Amino acid sequence: MPFMEGKNDLTHSPQVLGVVENGELRRLFDGLFATSEQAAPEPPYAAASASITFDYKWLRAVPPNAYTGAHLDWVYMGRGCKELLTCWIPIGDNPVEMGSLAMLNGSHSLPGFQHLQATYGEMDCERVGLDGSGWFTEDPEEVAELDPHAQWLTADFEAGDIMIFTMRTLHMSTTNISDRARVSCDVRWQPAAAPCDPRYVGQDLEDKTPKSPSSLGGKVVDETSVQKRTVFIEELKQQWGFLPFRVEAVNE
């Protein structure tokens, strides 16, 4: 499948921006982020908009038999404001068998997830030098078992549907068991007055967009803030107490 993420001629074509940054979406996020003293602006939006969106767009085609593991978005884009939201947009109808988005309901607030949020949820994939995808697990039951009230939820999405969720909500996808690619776009929105994660905004993003996926969801790596990539998520989960430590036998 072609790599489509970033800021490029496809993601910023009028056709794609008409879906992922359309006026109805901007009005919605303006309303969410407007303060009590600042009403959501009427069209045209101009500089009075209460919301902004990252220039980087996560436009993806997920092929048959592929899926995304359970993760928090904060581990990839946590250098800006905590009010950052993800807006997931299926491009066309997206039934469960095509690899639908699945949310772990309550994972952002239930007590059983406090330790995960305080450890994995505070990780910066680049700064810890993570080798791998950044997913916490590929097994949905591993995280669902952390709290008896947690429940995985998914649905058959249709063209025009969206899903909005916080940086602290565990999510993944079902496996695409169809014979077609699932196309979707993740768009990030936040209050206009709040600081942005600098890796995903700016005029120079087009030149930095990689041509193939990386362990950071395709985003170009900020080499000035990265340790040598020698850490794996299994090692970190052991340190955090989610996996037992292995004891290696030593021959005398």
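R188 is buried, with a relative accessible area of 2%, where buried means under 20% relative accessible area, exposed over 50% and partly exposed in between (1.4 Å probe, protein chains only). This is a predicted model, in which local features need pLDDT of at least 70 and side-chain atom pairs count only at pLDDT 80 or more, whereas totals for chains, interfaces and linings use all residues. Residues are numbered from 1 along each chain as its sequence is written, and side-chain values use heavy atoms, with hydrogens and water left out.

R188 belongs to strand 8 (residues 182-191); helices (H or I, at least four residues) and strands (E, at least two) are DSSP runs, numbered from the N terminus. Leaving aside neighbours within four places in sequence, R188 is in contact (heavy atoms within 4.5 Å) with I52, T53, F54, W58, D73, M77, L84, L85, T86 and M167. The side chains of R188 and T86 are joined by a polar contact of 3.0 Å. Such a contact is a pair of N or O atoms within 3.5 Å; within protein, one must be able to donate a hydrogen and the other to accept it, and residues adjacent in sequence count only if both atoms are side-chain atoms.

M167, one of the residues that R188 touches, sits in the loop between strand 6 (163-166) and strand 7 (171-173) and counts as buried at 2% relative accessibility. Among its contacts, not counting residues up to four places away in sequence, are L72, W74, M77 and T86. M167 and T86 are 81 residues apart in sequence, yet their C-alpha atoms are 7.1 Å apart in space.

## Overall fold and cores

The protein chain has seven helices and eight strands, and 45% of its 252 residues count as buried. Of the contacts in the protein chain with a separation of 6 or more, 83% are accounted for by residues 24 or more positions apart. The chain exposes about 12800 Å², of which carbon and sulfur atoms supply 54%; these areas come from the Shrake-Rupley method with a 1.4 Å probe, and for residues only the protein chains shown count as cover.

A nonpolar core is a set of buried Ala, Val, Leu, Ile, Met, Phe, Trp, Tyr and Cys residues joined through side-chain atoms within 4.5 Å. The largest one has 33 residues, and those with the most contacts inside it are M77, L104, Y120, M123, V143 and W152. Helix 3 (74-77), strand 4 (101-105), helix 5 and helix 7 each supply at least two residues of this core, and helix 3 gives the most, with four residues. Apart from this core lies another, of 14 residues, among them V20, F33, L59 and L85.

V143, beyond its neighbours within four places in sequence, is in contact with A70, L104, F113, L116, F136, T137, W152 and L170. In helix 7 (residues 233-240) the buried residues are I233, L236, K237, Q238 and W240, and they pack against helix 4 (114-118) and helix 5 (140-144).

## Salt bridges

Side chains of opposite charge can pair when their charged atoms come close. A salt bridge is taken here as a side-chain nitrogen of Lys or Arg within 4 Å of a carboxyl oxygen of Asp or Glu, and by this rule the count comes to 14. The table gives some of these pairs.

| Pair | N to O distance |
|---|---|
| E21 and K57 | 2.6 Å |
| R127 and D124 | 3.8 Å |
| R188 and D186 | 3.7 Å |

E21 is partly exposed at 23% relative accessibility, whereas K57 is buried, with a relative accessible area of 1%.

In the second pair, R127 is partly exposed at 43% relative accessibility, while D124 counts as buried at 12%. Salt bridges that share partners join R79, D124, E126, R127, D197 and R199 into one network.
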